[in-house]
Amino acid sequence: MLVHRYGFPDQFDDIDALSRKISEVLLSGDCILGKPVERFEAAFAAYVEAEHAVGLNSGTDALVLALHALGVGPGDEVVTVANTFHSTVLAIARVGATPVLVDCTDGDFMMDLDRVEAAITPRTKALIAVHMFGEVLDMDRITALVRSRGLKLVEDCAQAVGARWKGRTVGTFGEIGCFSFHPSKNLAAAGDAGAAVTGSAELAERLRVLRGLGQQTQNHHVELGYSSRMDSVQALVLDHKLPRLNAWNRRRRALADRYTATLAKNPAVRVPTAGPDHVFHMYQLLVPDRDATLAALRASGIDAVVRYPVPIARQPAFAAYAIDADAYPNADLLARNALCLPLRPDMSDEDVDLVVSRVLSVTG
Ligand SMILES: *Cc1c(COP(=O)(O)O)cnc(C)c1O
């Protein structure tokens with residue numbers, strides 16, 4: 001590929017220092033939780049300005065444990081957005097609750113807040129607000145809504161680590177904020193990892209018990225939990241990278257703005273909206289003949305990708321739920337016409353210009 005989707009070499013400065021710390025962990029056997037995880041949890045909590053951060057196995061587990069810790073279960077409904085990644089909805093189903101989808105808008109492709117109210121029933125227990133693509137939802141409206149309707153709020157920040165709403169970091173607006181450090185995300189571990197953040201000491205303790213097989217103290221299992229602890233090696237990698245995250249997010253934003261400056265002039269493509277604190281996980285645009293455009297870009301060495309070609313409502317995994325596949329036209333529109341262009345902090349301006357010229361040559 002001429003322009004790659006990920007640039008891992010640039011994510012490590014002073015990799016020798018990191019390697020030494022990893023060697024120490026390997027030799028000490030302090031491989032799960034332990035000191036490195038405690039250190040990263042403290043650093044990450046400080047970064048998002050939350051009281052507590054709990055290191056977990058993945059972003060998916062963060063969502064499952066968050067709902068579980070909030071007492072969401074069978075008989076409850078949880079509202080979320082129809083164009084999210086599988087994990088958000090899987091988590092709802094995993095705890096035995098019923099997912100209720102709301103379409104995204106046809107403007108910013110974020111959850112349509114005008115439709116959320118209508119999706120709330122007496123059984124609705126929680127709302128999962130997903131900051132898709134690194135864009136930020138209107139948290140004034142969402143916090144007012146959950147307060148007035150007595151709902152728990154979980155934020156899925158898997159694509160938006162470091163994004164802010166009016167100065168406040170996403171993940172801190174509801175009861176629990178969930179983060180993924182999958183290698184594809186803006187803050188990437190060297191494998192699976194995730195975290196849940198909360199302002200409540202009680203919820204933090206509950207999440208810690210749940211991640212460790214429901215053990216409150218050694219050999220004392222107070223409830224049925226999960227095996228979802230963060231590994232020390234992942235914590236070391238994340239701790240090493242965290243100080244650079246803001247600079248990376250700023251660079252992502254500058255590259256996205258550069259994409260938009262030229263692509264917006266082409267009436268055939270639709271460029272993404274960009275609120276003031278959009279950190280840009282991916283650069284997603286809509287093109288008329290998506291599959292042909294994708295094939296042409298890939299053939300010319302541009303590592304473009306579709307996120308996500310099959311929307312939630314059309315996934316066989318959710319066939320058992322009363323989800324009308326035809327009720328989410330905007331999620332369908334994205335699945336049909338959206339394309340993600342490479343966006344990495346280590347890309348040069350010339351890389352962007354090259355991708356833009358290829359996009360323009362194939363979209364006409
Ligand atoms: C990546 C992602 C997740 C899941 O995170 P994992 O760490 O891969 O389990 C959840 N929600 C959204 C919106 C994501 O993009």
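These exercises walk you through a predicted model, one topic at a time.

Residues are numbered from 1 along each chain as its sequence is written. Local features are taken where pLDDT is at least 70 and side-chain atom pairs where it is 80 or more, while totals for chains, interfaces and linings use all residues, and side-chain values rest on heavy atoms, without hydrogens or water.

**Exercise 1. Describe the aromatic pair of Tyr6 and Phe8.**

Step 1. Start with the rule: rings of Phe, Tyr and Trp (its six-membered ring) pair if their centres lie within 6.5 Å; planes under 30 degrees apart are stacked, over 60 edge-to-face, and the rest tilted. The structure holds 10 aromatic pairs.

Step 2. Tyr6 and Phe8 are 5.8 Å apart, centre to centre, with 40° between the planes, and this pair is tilted.

Step 3. Now check the surface. Buried means under 20% relative accessible area, exposed over 50%, and partly exposed in between (1.4 Å probe, protein chains only). Tyr6 has a relative accessible area of 30%, so this residue is partly exposed. Phe8 is partly exposed because its relative accessibility is 31%.

**Exercise 2. Work out how Phe44 and Phe179 pair, and which parts of the chain they link.**

Step 1. Helices (H or I, at least four residues) and strands (E, at least two) are DSSP runs, numbered from the N terminus. Phe44 belongs to helix H2 (residues 34-48) and Phe179 to strand S8 (residues 176-180), so the pair links distant parts of the chain, 135 residues apart.

Step 2. Phe44 and Phe179 are both buried. They also belong to one aromatic cluster together with Phe40, Tyr47 and Phe181.

**Exercise 3. Find the charged side chains over the rings of Phe173 and Phe85.**

Step 1. A charge sits over a ring if NZ of Lys or CZ of Arg is within 6 Å of the ring centre and within 35 degrees of the ring normal.

Step 2. Over Phe173 you find the charged end of Arg168, 4.3 Å from the ring centre. Over the face of Phe85 lies Lys185, at 5.9 Å from the ring centre.

**Exercise 4. Describe the surroundings of the ligand.**

Step 1. The ligand is surrounded by 17 residues, and the closest are Gly59, Thr60, Asp156, Ser180 and Lys185; a residue counts as near if one of its heavy atoms lies within 4 Å.

Step 2. Look at the shell's make-up: six residues are nonpolar, nine polar and two charged. Here Ala, Val, Leu, Ile, Met, Phe, Trp, Tyr, Cys and Pro count as nonpolar, Asp, Glu, Lys and Arg as charged, and the others, Gly among them, as polar.

Step 3. Helix H3 (59-69) and helix H4 (86-94) each supply at least two shell residues. The largest share, three residues, comes from H3.

**Exercise 5. Locate the cis peptide bond and two residues with positive phi.**

Step 1. The cis peptide bond joins Arg307 and Tyr308, with omega about 5°. Tyr308 lies in the loop between helix H10 (290-299) and helix H11 (329-337).

Step 2. Glu49, a residue other than glycine, has a positive phi near 60°. Its loop runs between H2 and strand S1 (52-56). Glu49 is exposed because its relative accessible area is 52%.

Step 3. Asn219, also a residue other than glycine, has a positive phi near 65°. You find Asn219 in the loop between strand S10 (215-217) and strand S11 (220-221). At 63% relative accessibility, Asn219 is exposed.
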